Amino acid sequence: MRRLMRAHVSRLWKNGPFRLGAAGMALISILNVVQLAFEVRKYADMNGFIDEAVFGFAPLMGLFIGAVVSMFLSVEFSDGGLRNKLIVGHRRGSAYLAALLGSALAAALMVAVTLLAGVALGLALLDGFELPAAGLAALMLNCVFSAVALSAIFTAIAMNVPNRAASVILCVTVAILLLWVASYAGGVLDEPEMMENYLIINADGVPEKMENLPNPRYVQGTVRKVYEFIYDLLPTGQGLQIANCEGDRIARWPLLSALVALLGGVAGYIPFRRRDIR
């Protein structure tokens, strides 16, 4: 197991897609910081805090991590490395676990590089942090946790789809789908309870008065709890909330990220252990 992990770590440092993925994520954070700095200088009465910009990459993590993990692990099939590991006596469980941990390490490092780049530039251009240290640390840690959860999902795909192009396309497609579902759930939860200044028109078609009315699209009770659970369970949902520096239910995010990582690992290993490795 240690040898398998050392091989993954050694190959990771030299992996071009990993470097490009980390640079791409960091670029998003850097551009957000630069944009906010320009706005602060344009509007004299505007404050610019680092945490308003540095987490902007979080909703898009899945796209970068999916592409990196799929390309990183597909080499195991294309160069026969996985088959050779099994031939020399490594168990399938050990090979899969090493791939899972290697992908998690890649995802965590990508987030760390991105945060370091954004914060370093933000300290030079912006007004410091608005969030207290504890809240900031919680968002950063949960950013790493959600990235690891995403890596487990993409490892499950990459270890069962040997073709590199198909693996990349499928991982990116899943990332987009997860982001869409999270965006939809977030949009439902963002609906206001009341429709403010709703214009009442009488039978003659003449505006009569302005009134606040209940919003028919507002969900509550059990349905709202379900949407909140989906929004918090999906790593992309956590990413959207992190980007907005929101964390009303942040205490349960690590547990949910661990659950996604566990389910992703199990879902990927079950078909992998019966797969014909050529």
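1. A crossing of two helices is called left-handed if the near helix is turned anticlockwise from the far one by less than a right angle, and right-handed if clockwise. By that criterion, the crossing of α2 and α5 is right-handed. Helices (H or I, at least four residues) and strands (E, at least two) are DSSP runs, numbered from the N terminus.

2. On provenance, this is a predicted model, in which local features need pLDDT of at least 70 and side-chain atom pairs count only at pLDDT 80 or more, whereas totals for chains, interfaces and linings use all residues. Residues are numbered from 1 along each chain as its sequence is written, and side-chain values use heavy atoms, with hydrogens and water left out.

3. The chain holds ten helices and two strands, in the order α-α-α-α-α-α-α-β-β-α-α-α from the N terminus. Of its 278 residues, 43% count as buried, that is, under 20% relative accessible area, with exposed meaning over 50% and partly exposed in between (1.4 Å probe, protein chains only). The accessible surface, from the Shrake-Rupley method with a 1.4 Å probe, comes to about 14400 Å², and 64% of this belongs to carbon and sulfur atoms. Where contact means heavy atoms within 4.5 Å, residues 24 or more positions apart account for 76% of the contacts in the chain with a separation of 6 or more.

4. For the pair named at the outset, the axes of α2 (residues 16–42) and α5 (residues 92–125) come within 8 Å and cross at roughly 25°; axes here are lines fitted to C-alpha atoms, for helices over the stretch in contact, and angles run from 0 to 180 degrees between N-to-C directions. That angle makes α2 roughly parallel to α5, given that angles under 35 degrees count as roughly parallel, over 145 as roughly antiparallel, 65 to 115 as roughly perpendicular and the rest as oblique. Among the residues that make the contact are F18, M25, I30 and R41 of α2, together with L109, M110, T114 and L125 of α5. By class, the contact of α2 with α5 has 15 nonpolar, five polar and one charged residue, where Ala, Val, Leu, Ile, Met, Phe, Trp, Tyr, Cys and Pro count as nonpolar, Asp, Glu, Lys and Arg as charged, and the others, Gly among them, as polar.

5. Helix α6 (residues 133–158) packs against α10 (residues 253–272) at an angle of about 15°, with the axes 7 Å apart, and α6 is therefore roughly parallel to α10. The crossing of this pair is left-handed. The contact includes L139, F145 and I153 of α6, and W253, V260, G264, G265 and G268 of α10; it has ten nonpolar, six polar and no charged residues.

6. The axes of α7 (residues 164–189) and α8 come within 9 Å and cross at roughly 140°, so that α7 and α8 are oblique to each other. Here α7 passes α8 in a left-handed crossing. Residues including V181, Y184 and L189 in α7 meet, among others, R224, E228 and Y231 in α8, and the contact of α7 with α8 divides into nine nonpolar, one polar and two charged residues.

7. C245, in the loop between α9 (235–243) and α10, has a phi near 55°, a positive value in a residue other than glycine. Most residues other than glycine have a negative phi. At 26% relative accessibility, C245 counts as partly exposed. P216, in the loop between β2 (207–214) and α8 (221–233), counts as exposed because its relative accessibility is 70%. The C-alpha atoms of P216 and P192, 24 residues apart along the chain, are separated by 9.6 Å.
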